[in-house]
Amino acid sequence: DSYAFYKSGYCGSVDVPASVKTIGSNAFNGQNYIQFVIIRSTTPPQVESDSFKNGCIIYVPDGCVETYANDKNWKRWKNNIKEMPIIDNGIWYEPISDNEVAVINNCQVFSPYSMFMCSDYAGDITIPETVEHNDVTYQVTTIGNFAFGHCERLNSVTLPATITNIKNSVFTIYYAMDGNLALDTLTVLATTPPQVAEDSFN
């Protein structure tokens with residue numbers, strides 16, 4: 001409906017089921033922290049020119065990016081439309097080539113402590129060397145921008161031997177609410193040091 005998530009507090013993302021046929025005016029626009037919206041329908045819903053705020057990522061089903069981008073009502077957001085990420089054991093991945101993926105930020109929660117949107121990754125995380133999706137085996141080679149940034153409930157992260165690149169602000173970790181560092185241990189299994197950005201770590 002119109003203005004459905006206009007003032008949605010600390011909500012970082014919204015998952016819209018395939019049954020939704022219409023997205024009203026300012027539904028995902030306005031005073032909110034929404035970073036991305038998942039649209040499950042393979043047929044683009046009816047949409048208004050102000051339904052989404054600028055910069056909001058719109059994830060659509062596999063093979064539907066072109067359908068959405070070419071729809072007359074969706075063309076204005078064609079640069080924001082992406083295929084659904086690969087989700088494996090709670091970790092989000094984005095294909096960066098025909099056989100490689102990057103770990104990405106799922107940006108689902110707002111941290112009132114650090115005042116940033118952050119992933120809800122928590123506990124002890126081990127990234128695998130490969131993930132499978134639609135009968136394709138992808139090698140995990142990259143940790144994307146801000147993938148683990150401000151995740152206050154992380155204990156440890158283990159990166160596989162296949163990692164070659166750690167992007168910007170990946171481990172920008174704030175202190176947890178108890179005053180201790182949110183991330184205790186980072187283990188990198190690659191024998192060749194991955195490429196890192198100047199601000200990969202704080």
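How many residues lie between E7 and E8 in their hairpin, and which residue in the turn has a positive phi? The structure is a predicted model, in which local features need pLDDT of at least 70 and side-chain atom pairs count only at pLDDT 80 or more, whereas totals for chains, interfaces and linings use all residues. Residues are numbered from 1 along each chain as its sequence is written, and side-chain values use heavy atoms, with hydrogens and water left out.

E7 and E8 form a hairpin with two residues between them, and asparagine 89 in the turn has a positive phi of about 55°. Strands (E, at least two residues) are DSSP runs numbered from the N terminus, and two strands pair if DSSP finds at least two bridges between them. Strand E7 (residues 86-88) and strand E8 (residues 91-95) run antiparallel and are joined by three bridges. In this pairing, isoleucine 87 stands opposite tryptophan 92 in E8. E8 also pairs in the antiparallel sense with strand E9 (residues 100-104), over four bridges. Here tryptophan 92 stands opposite isoleucine 104 in E9, and a hairpin through four residues joins E8 to E9.

The structure holds 10 aromatic pairs. Rings of Phe, Tyr and Trp (its six-membered ring) pair if their centres lie within 6.5 Å; planes under 30 degrees apart count as stacked, over 60 as edge-to-face and the rest as tilted. The pair of phenylalanine 36 and tyrosine 59 is edge-to-face, because the ring centres are 5.5 Å apart and the planes stand at 70°. Phenylalanine 36 lies in strand E3 and tyrosine 59 in strand E5, so this pair ties together parts that are 23 residues apart in sequence. Tyrosine 59 and tryptophan 92 form an edge-to-face pair as well, with 6.3 Å centre to centre and 65° between the planes. With tyrosine 59 in strand E5 and tryptophan 92 in strand E8, the parts tied together are 33 residues apart in sequence. Phenylalanine 36 and tyrosine 59 are buried, and tryptophan 92 is buried too; buried means under 20% relative accessible area, exposed over 50%, and partly exposed in between (1.4 Å probe, protein chains only). Elsewhere, ring pairs link Phe28, Phe52, Tyr68, Trp74 and Trp77 into a cluster.

Pockets were located on a 1 Å grid over the protein atoms alone, a pocket being an open set of points where a 1.4 Å probe fits, with protein on both sides within 12 Å along at least five of seven lines; lining residues have an atom within 4 Å of a point. The largest pocket holds about 350 Å³ of space. Its lining comprises 19 residues, of which Ile57, Tyr59, Ile104, Asn105 and Asn145 lie nearest the centre. Strand E5 (57-60) and E9 each supply at least two of the lining residues. By class, this lining has 10 nonpolar, six polar and three charged residues, where Ala, Val, Leu, Ile, Met, Phe, Trp, Tyr, Cys and Pro count as nonpolar, Asp, Glu, Lys and Arg as charged, and the others, Gly among them, as polar.

The second largest pocket holds about 210 Å³. Among the residues that line this pocket are Asp62, Lys82, Glu94, His133 and Tyr138. Strand E6 (81-83) and E8 are the elements that give two or more residues to this lining, which divides into six nonpolar, two polar and four charged residues.

Definitions and conventions
Points joined across faces, edges and corners; volume = space filled by probe spheres on them.
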